[in-house]
Amino acid sequence: MRQSGLTVAAVPEPPAPLLKADMHSIQNEQQTAARLMIRCAGWQQGQATMGPFVLQVRGAERIAILGPSGAGKSSLLKALSGDLPALHKSVFLNGEDLQQYSAQALAEHRAVLMQSHQMAFSLPVELVISLGRIARDADSHQQEFVRQAAQLAEAAHLLPRQYNSLSGGEQARVQLARVFAQLWDRQGAIILVDEPVSALDPGLQSELLHRLQQFASERHHAVIAVLHDVNQALQYFERLWMIRDGQLMADCPATLQAVPQLEQLYQTGWQVLRSADGETVLHCIPPHRQKKNQAPVISFHCRQQQSQAHQGS
C-alpha cells in the first residue's frame with residue numbers, strides 16, 4: 001500500500017493462539033527429539049527450592065554443570081538420573097518418562113556415577129566393576145568388557161584387590177570403570193557423573209576426562225558431569241549449565257565467551273592466561289586481589305627450572 005509517496009507494509013494477521021492440544025503436540029515433539037529432558041516446576045530439597053527447569057540434551061552433547069558449593073548441582077543430577085521418584089514423570093529419556101523404563105532398560109540407556117564411592121561391604125574390585133552389567137543380559141563377553149573397562153580407567157592393576165582396601169582416588173577409578181563396563185557395547189546412551197575425577201592427581205584427572213570424552217564420542221554417548229574445575233569444563237565439555245541457589249543462571253557454550261556469566265556465578269573475577277602456543281587457562285581472582293583496570297588477558301611462558309648439575313655441564 002502507498003501513502004504520500006511512502007510504501008507501507010501491510011500488517012500481518014496475528015497468529016491464531018495455540019490450542020492446548022497443539023501445545024501438547026509441540027511438547028511431545030520436543031521430548032521425542034531430546035535424548036534426555038527435564039521439565040518441572042520445581043521441588044523442595046531440604047531448605048532450598050530447586051527449579052523450575054526446562055533442559056534438554058540432544059545427541060552426544062557433553063555438558064558440565066557448574067556452580068558454587070551447595071548450589072544444587074548434585075540435586076539436579078539426581079533428578080536427571082531418576083534418583084528422585086517424585087520427579088519420574090518430569091524426566092524424559094528418549095521421549096518416554098522414566099516410569100516407563102524397567103531396571104534393565106534403564107541400564108542399557110543410562111549410566112550413573114554419584115559423588116560418594118563408599119560401599120557397605122568389601123567386594124572384589126572385579127565384581128564391583130561387573131555390577132555395572134548386573135541388569136544386563138548375561139553374555140560371554142562380560143569378563144572381557146570388565147577387563148577393558150578397568151584398563152581404560154587406569155584400574156586394571158586394582159582388579160585383584162578388595163574394594164574397601166582402596167584409597168579414595170582408586171575407588172573413583174573403579175567406579176568410572178563400572179560406568180565404562182555398563183555401556184561398553186551400547187550406542188547412543190547417556191552418562192551422568194558427579195565429580196568423577198576430583199579425588200585424583202591433576203595429571204590423572206586430565207587423562208581420565210580425556211578418556212571419558214573419547215569413550216563417549218566413539219559410542220555417541222551424551223555426558224552430563226558435575227564439576228568444580230572451570231578449566232576442565234571448558235576443555236572437555238561443549239556446553240555449560242550454571243546453577244546457583246537452585247536456579248539455572250545460564251545455559252551456554254563452553255567457551256571463553258562465558259567468562260562474564262562465570263563471574264556472576266562465583267561472585268569473583270576471572271582472568272585469561274594465554275601461553276605462547278595459544279593455550280588458554282582461566283585464573284580465578286578473589287575479591288581482595290582484584291584491581292581496577294586489570295588486563296583481561298595475560299600472556300605467560302612456562303619454563304622448567306634447570307638443575308645445578310645440568311647448568312654445570
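## Rings and a cavity in a predicted model

In this predicted model, the charged end of Arg219 sits over the ring of Trp184, at 4.6 Å from the centre of that ring.

**Exercise 1.** Determine which kind of aromatic pair Trp184 and Phe215 form, and where in the chain the two residues lie.

*Solution.* Begin with the geometry: the ring centres of Trp184 and Phe215 are 5.8 Å apart and the planes stand at 45°. Planes under 30 degrees apart would count as stacked and over 60 as edge-to-face, so the pair of Trp184 and Phe215 is tilted. Next, locate the residues: Trp184 lies in the loop between helix H6 and strand S11, whereas Phe215 belongs to helix H7, so the pair ties together parts that are 31 residues apart in sequence.

**Exercise 2.** Decide whether Trp43 and Phe53 are buried or exposed.

*Solution.* The cut-off for buried is a relative accessible area under 20%. Trp43 has 12%, so Trp43 is buried; Phe53 has 1%, so Phe53 is buried as well.

**Exercise 3.** Describe the lining of the largest cavity by residue class and by the element that gives the largest share.

*Solution.* First, take the volume of this cavity, which is about 30 Å³. Then list the lining, which consists of Arg62, Leu209, Leu212, Gln213, Val223, Tyr236 and Phe237. Sorted by class, these residues divide into 5 nonpolar, 1 polar and 1 charged. Lastly, helix H7 (residues 202-219) contributes the largest share of the lining, with 3 residues.

Notes: Residues are numbered from 1 along each chain as its sequence is written. This is a predicted model: local features need pLDDT of at least 70, side-chain atom pairs count only at pLDDT 80 or more; totals for chains, interfaces and linings use all residues. Side-chain values use heavy atoms; hydrogens and water are left out. On a 1 Å grid over the protein atoms alone, a cavity is a set of points where a 1.4 Å probe fits but cannot get out, and a pocket is an open set with protein on both sides within 12 Å along at least five of seven lines; lining residues have an atom within 4 Å of a point. Grid points are joined across faces, edges and corners, and a volume is the space filled by probe spheres set on the points. Helices (H or I, at least four residues) and strands (E, at least two) are DSSP runs, numbered from the N terminus. Ala, Val, Leu, Ile, Met, Phe, Trp, Tyr, Cys and Pro count as nonpolar, Asp, Glu, Lys and Arg as charged, and the others, Gly among them, as polar. Buried means under 20% relative accessible area, exposed over 50%, partly exposed in between (1.4 Å probe, protein chains only). Rings of Phe, Tyr and Trp (its six-membered ring) pair if their centres lie within 6.5 Å; planes under 30 degrees apart count as stacked, over 60 as edge-to-face and the rest as tilted. A charge sits over a ring if NZ of Lys or CZ of Arg is within 6 Å of the ring centre and within 35 degrees of the ring normal.
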